Amino acid sequence: MNDALVPFFDGHNDTLLLLHERAAGAGAFLGGTGGHLDLPLARSGGLAAGFFAVFIPNDPAQPPAAAGELPAALEPGYAQRVTHAMIATLHRIERAASGAVRVVRTSDDLAAARDAGALAAVLHLEGADAIDESLDALEVYHQAGVRSLGIVWSRPNGFGSGVPFRFPHDPDIGPGLSDAGKALVRACNELGIVIDLSHLNAAGFRDVAAHSRAPLVATHSNVHAICPSPRNLTAWQLDAIRDSGGMVGVNLHVGFLRPDGLRTSDTPLDVVVDHFVALVERLGIGHVGLGSDFDGALMPAGLADAGRLQHLAQALRRRGFDEADVRRLAYDNWRDLLARTWR
Ligand code: ZN
């Protein structure tokens with residue numbers, strides 16, 4: 001990576017989903033996908049590390065959900081087939097990249113990737129739909145490199161329930177974690193897997209806060225007081241994250257940024273910075289980072305892909321963050337959060 005660039009660590013991308021939907025593989029990622037994130041864009045924009053999500057699309061064999069409602073729980077066999085395909089794609093990318101992309105499992109792996117100028121990939125499951133309640137699959141996925149897990153994407157599963165995509169709306173809707181969900185929290189603590197609260201509803205959030213020993217993390221969510229989407233975090237949720245020494249990654253999806261919730265890329269970068277400023281005021285400078293949602297959402301025009309991440313560094317400087325603060329927000333805070341969580 002070019003030394004003049006501020007390195008970024010991104011808390012969420014859906015690039016494995018984009019590759020899956022196009023039936024594309026390692027070659028597309030290494031050569032360029034035309035999407036928001038690939039190896040050439042990471043290099044030109046300064047993206048040094050990122051959480052690569054396994055997001056399972058709705059099952060085409062199931063009836064679609066009504067507008068504003070959540071889809072039904074997935075059939076486990078379908079969820080596992082898609083999960084295995086997407087994990088395999090990331091490992092094939094690593095092999096084909098000959099050292100330029102590395103799946104990192106420890107803080108030492110992360111530091112070594114940074115020293116080598118490689119793109120570090122943290123394998124994340126966006127929803128535990130592929131995991132059985134005896135947690136056998138969790139052990140296998142951990143061995144395959146999974147180091148971060150959201151208990152739910154917004155659809156329900158055997159562990160918990162998520163938030164619907166309504167606007168404006170409060171995240172306080174639906175029941176909390178099942179007993180299996182609480183056991184999943186304990187198992188993630190034991191394995192050192194990050195538990196991601198983005199997409200989880202308020203009752204589930206409270207249950208994780210009560211049962212987890214790890215810092216609380218929302219990898220790709222914003223401030224509800226600025227943009228009242230149920231995907232964003234209310235004051236008490238932010239306080240719980242702060243009290244745990246946790247972390248929030250700012251999501252670049254315009255519908256989670258804008259006070260009016262409108263889905264238009266004609267959204268100024270200052271709105272992104274507004275969320276950074278509000279989060280730093282509430283959590284402190286060491287507990288905020290990026291959680292872009294690249295390849296999974298609609299970006300502001302000024303941050304249309306990972307190649308433009310230095311524009312974000314510029315926008316943060318313009319708002320008065322000094323160079324050390326910009327580097328913490330861009331990279332160091334995610335590195336340090338993982339050091340506090342992984343084992
Ligand atoms: Zn998401």
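1. The lining of the second largest cavity comprises 7 nonpolar and 2 polar residues, with no charged residues. In this predicted model, the residues around that cavity are Val194, Ile195, Val208, Ser212, Ala214, Pro215, Leu216, Val217 and Thr341. The space in the second largest cavity amounts to about 40 Å³.

2. A search of the whole structure returns 2 cavities of 30 Å³ or more. The largest cavity has a volume of about 60 Å³. It is lined by 13 residues, of which Leu197, Leu200, Arg231, Leu233 and Gln237 are the closest to its centre. Sorted by class, the lining of the largest cavity holds 7 nonpolar, 5 polar and 1 charged residues.

3. The largest nonpolar core has 94 residues. The members that touch the most other members are Phe8, Ile131, Leu138, Leu149, Ile151, Leu184 and Val208. The greatest contribution to this core comes from helix α11 (residues 269-283), which supplies 8 residues. Apart from it there is another core, made up of 18 residues, including Ala49, Val104, Val217 and Leu337.

4. Isoleucine 151 deserves a separate entry. Neighbours within four places in sequence being set aside, isoleucine 151 is in contact with Gly127, Ala128, Asn157, Phe159, Gly160, Leu177, Leu184, Val185, Ile195, Asp196 and Val208.

5. On the overall fold, the protein contains 13 helices and 9 strands. Its radius of gyration is 18 Å, close to the 20 Å that the globule rule gives for 343 residues, so the protein is as compact as a globular protein of that length. The C-alpha trace spans about 50 × 45 × 35 Å along its principal axes. Of the 343 residues, 59% count as buried. Among contacts between residues at least 6 apart in sequence, 73% join residues at least 24 apart.

6. Some points of backbone geometry should be noted. Most residues other than glycine have a negative phi, and most peptide bonds are trans. Against that background, phenylalanine 167 and proline 168 are joined by a cis peptide bond, with omega about -15°. Proline 168 is located in the loop between β5 (146-150) and α7 (179-191).

7. Leucine 135, a residue other than glycine, has a positive phi, near 70°. This leucine is found in the loop between β4 (119-126) and α6 (136-143). Is leucine 135 buried or exposed? Its relative accessibility is 14%, and because the limit for a buried residue is under 20%, leucine 135 counts as buried.

8. Aspartate 295 is also not a glycine, and its phi is positive, about 70°. The loop between β9 (288-290) and α12 (309-318) holds this residue. With a relative accessibility of 12%, aspartate 295 counts as buried.

Terms used:
Residues numbered from 1 in each chain as written. Predicted model: local features only at pLDDT ≥ 70, side-chain atom pairs only at ≥ 80, totals over all residues. Heavy atoms only, no water. Core = buried A, V, L, I, M, F, W, Y, C linked by side-chain atoms within 4.5 Å. Buried < 20%, exposed > 50% of the residue type's maximum accessible area, 1.4 Å probe, protein only. Helix = DSSP H or I, 4+ residues; strand = E, 2+ residues; numbered from the N terminus. Contact = heavy atoms within 4.5 Å. 1 Å grid on protein atoms, 1.4 Å probe; cavity = no way out; pocket = protein on both sides within 12 Å on 5 of 7 lines; lining within 4 Å. Points joined across faces, edges and corners; volume = space filled by probe spheres on them. Nonpolar A, V, L, I, M, F, W, Y, C, P; charged D, E, K, R; others polar. Rg over C-alpha atoms; globule rule 2.2 N^0.38 Å.
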